[in-house]
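Subject: Structure handover

Hello,

Please find the structure below, with the sequence. My notes come after it.

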Amino acid sequence: HHARKPSAQQGGTATHAIRGSSALFDACQSVYVFEGEKDTPTRVHHQKDRIRGATCPLFGLTSVDVPGAGGDRDGLVVRHLEAEQLEQWEEKSEERKADGVVSKVSRLVREQISKAGGRFTGNVNVLRELCGVKKEALTLTLTKMIANGELRREGTYRYPEYVLVSQ
């Protein structure tokens with residue numbers, strides 16, 4: 001059977017995730033709950049095993065299309081991921097997401113500082129509003145841009161100046 005769509009109000013265990021009567025869960029010998037989002041590994045939770053009495057630890061599954069004579073999607077390879085591999089994948093995914101944010105925000109920062117003649121003097125909150133980004137995203141981006149030598153921070157603590165470094 002399939003799970004209901006998740007909502008903020010409905011939490012709980014697999015018993016609660018299955019649509020319909022709880023008798024569906026009770027009648028099953030084994031219950032595996034698959035959860036995931038597009039382009040991410042599927043997390044598999046083994047919730048019940050009536051015969052063994054013990055469940056498997058969390059694991060993941062990923063799939064890759066295999067090209068062949070029939071086209072780009074001629075076959076499918078499914079790979080098992082241990083819980084540690086799943087965690088590593090999720091950490092890398094977070095890093096890729098952060099890198100994407102930094103890339104986008106650094107472009108906006110360069111644009112705003114360029115409009116100011118290559119030197120922005122003022123409060124970071126003003127720069128954040130001009131870029132239209134969250135504080136955490138701007139802080140991370142400024143830190144990386146300074147570390148990479150793309151940006152130089154001058155001025156005082158209260159009155160910082162950010163200078164674009166020619167590359």
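Predicted model: local features only at pLDDT ≥ 70, side-chain atom pairs only at ≥ 80, totals over all residues.

Residues are numbered from 1 along each chain as its sequence is written, and side-chain values use heavy atoms, with hydrogens and water left out.

Helices (H or I, at least four residues) and strands (E, at least two) are DSSP runs, numbered from the N terminus. Two strands are taken to pair if DSSP finds at least two bridges between them. On that basis, four strands make an open antiparallel sheet in the order 1-2-3-4. Strand 1 (30-35) and strand 4 (71-81) are at the edges with a single partner strand each, so one side of each has no neighbour in the sheet. Neighbouring strands here are turned by 30° against each other on average, direction ignored. For angles, axes are lines fitted to C-alpha atoms, for helices over the stretch in contact, and the values run from 0 to 180 degrees between N-to-C directions.

Strand 1 and strand 2 run antiparallel and are joined by six bridges; Val31 has Lys48 in strand 2 as its bridge partner. Helix 3 lies across strand 2, strand 3 (59-68) and strand 4, at about 120° to strand 4. Contact means heavy atoms within 4.5 Å.

His46

His46 is in strand 2 (residues 42-49). Its relative accessibility is 6%, so His46 counts as buried (under 20% relative accessible area; exposed is over 50%, partly exposed in between, with a 1.4 Å probe and protein chains only). The His46 side chain reaches the backbone oxygen of Lys48 at 3.1 Å, and a polar atom of that side chain lies 2.9 Å from the backbone nitrogen of Cys56. Neighbours within four places in sequence aside, His46 is in contact with Ser30, Val31, Tyr32, Ala54, Thr55 and Cys56.

Strand 5 pairs with strand 7 (residues 160-164) over three antiparallel bridges. Here Arg119 has Val163 as its bridge partner, and Phe120 stands opposite Tyr162. Strand 6 and strand 7 pair over five bridges, again antiparallel, with Leu151 opposite Leu164. A hairpin of four residues joins strand 6 to strand 7.

Ser106

Ser106 belongs to helix 3 (residues 83-115). Ser106 counts as buried because its relative accessibility is 6%. Apart from neighbours within four places in sequence, Ser106 is in contact with Thr141 and Met145.

Rings

The charged end of Lys48 sits over the ring of Phe25, 5.0 Å from its centre. Likewise, the charged end of Arg96 sits over the ring of Trp89, at 5.2 Å from the centre. The criterion is NZ of Lys or CZ of Arg within 6 Å of the ring centre and within 35 degrees of the ring normal.

Regards

Methods: Polar contact = N/O pair within 3.5 Å; in protein donor to acceptor, adjacent residues only side chain to side chain.
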